[in-house]
Amino acid sequence: MIIVLSPAKTLDYSFSEEGMDFSVPPFLTKSKKLVSNLKKLKKSELSSLMGVSEKISALNHERFQNWSQARKPSALAKQAGFVFKGDVYQGLEFEKLSKKEINFAQKHLRILSGLYGVLKPLDIISPYRLEMGTKISFAKNKDLYSFWKDEITNHLNKDLKSSSILVNLASVEYFSSVNTEKLNSRVINPVFKDFKNGQYKIISFYAKKARGLMAKFLIENRARSSEDLYKFNLDGYKFSKKESTEDSPVFLRK
């Protein structure tokens, strides 16, 4: 089983990485090419490109200017699983996993990234913000999807050689970077619904956190099959066979 998540916009580098295991992102050369193009943009151009405020564009302009191909941990290059914060990672609580659970996550959890392509949770990353849907074009690439799709899909296929299931807990924006037609596996897309105003519906904030909760559940229980996935029951969610399809299991919470 391979579990796929989106990254987070919010980053936290305040933790101590001393003595902690780490790995290196697989596509640093491509990341460097991307950053080289982003470095040429003015703050105002970044603001327009990324659809962010002047303050956020200034922060990310500085990040791109200082970005490096980090190959070992430092104050500004730390493990992605600990660095990423936000709704999904509030559910995952990577920092609370045991060493054995982190080792399992390193083998089975992948994080899609607009700058790095695909990451293992212990891959070290420098501060950045670059959403997969950003319409940056250069060379023969019209956007980040065309820039990353082959590398991400091929990389996931290598990870899936000993597994027949990919659990997609990423957003549509990020999972669109995967060519599912070329994946060597079955893709399962869990759906999380909460009860509100007399009916079950997808509520964005809760659904994001639930994706992290499911990733946590699968890691803690060393999940291997779809049957393990259906047992997910954290924070009051329960599998609904009635509302589910084979590749889209639905989990409900009142």
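Biologist: In which sense do β10 and β11 pair, and over how many bridges?

Modeller: Start with the general idea: strands of a sheet pair through backbone hydrogen bonds, either parallel or antiparallel. In this predicted model, β10 and β11 take the antiparallel sense, with 4 bridges between them. A hairpin of 2 residues links β10 to β11. For a landmark, look at Phe239, which stands opposite Phe251 of β11.

Biologist: And which strand runs parallel to β11?

Modeller: That is β8, residues 191–196, joined by 4 bridges to β11, residues 248–253. Two pairs to find on screen are Phe192 with Phe251 and Lys193 with Leu252.

Biologist: How do I read the sheet as a whole, and in what order do its strands lie?

Modeller: Follow the partners across. The order is β9-β8-β11-β10, an open sheet of 4 strands with mixed pairing. Because β9 (199–201) and β10 (238–245) have a single partner strand each, they stand at the edges, and one side of each lacks a neighbour in the sheet. From one strand to the next, the twist averages 35 degrees.

Biologist: Which helix packs on this sheet, and which strands does it touch?

Modeller: Helix α9, residues 204–220, touches β8 and β11, and its direction makes about 135 degrees with that of β8. As for β11, 5 of its 6 residues are buried, so the strand is mostly covered.

Biologist: Now helix against helix. What is the angle between α6 and α9, and how far apart are their axes?

Modeller: In general, two packed helices are described by the angle between their axes and the distance between the axes. Here α6 (residues 99–108) packs with α9 at about 110 degrees, the axes being 9 Å apart. The two helices are therefore roughly perpendicular to each other. Glu101, Phe104 and Ala105 of α6 meet Leu218, Ile219 and Glu220 of α9. By class, this contact has 4 nonpolar, 2 charged and no polar residues.

Biologist: What does Ser31 contact, leaving aside its neighbours within four places in sequence?

Modeller: Trp67, Leu115, Tyr116 and Trp148 are in contact with Ser31. Zoom in on Leu115: its backbone oxygen lies 2.7 Å from a polar atom of the Ser31 side chain.

Technical notes: Residues are numbered from 1 along each chain as its sequence is written. This is a predicted model: local features need pLDDT of at least 70, side-chain atom pairs count only at pLDDT 80 or more; totals for chains, interfaces and linings use all residues. Side-chain values use heavy atoms; hydrogens and water are left out. Two strands pair if DSSP finds at least two bridges between them. Axes are lines fitted to C-alpha atoms, for helices over the stretch in contact, and angles run from 0 to 180 degrees between N-to-C directions. Contact means heavy atoms within 4.5 Å. Angles under 35 degrees count as roughly parallel, over 145 as roughly antiparallel, 65 to 115 as roughly perpendicular and the rest as oblique. Ala, Val, Leu, Ile, Met, Phe, Trp, Tyr, Cys and Pro count as nonpolar, Asp, Glu, Lys and Arg as charged, and the others, Gly among them, as polar. A polar contact is a pair of N or O atoms within 3.5 Å; within protein, one must be able to donate a hydrogen and the other to accept it, and residues adjacent in sequence count only if both atoms are side-chain atoms. Buried means under 20% relative accessible area, exposed over 50%, partly exposed in between (1.4 Å probe, protein chains only).
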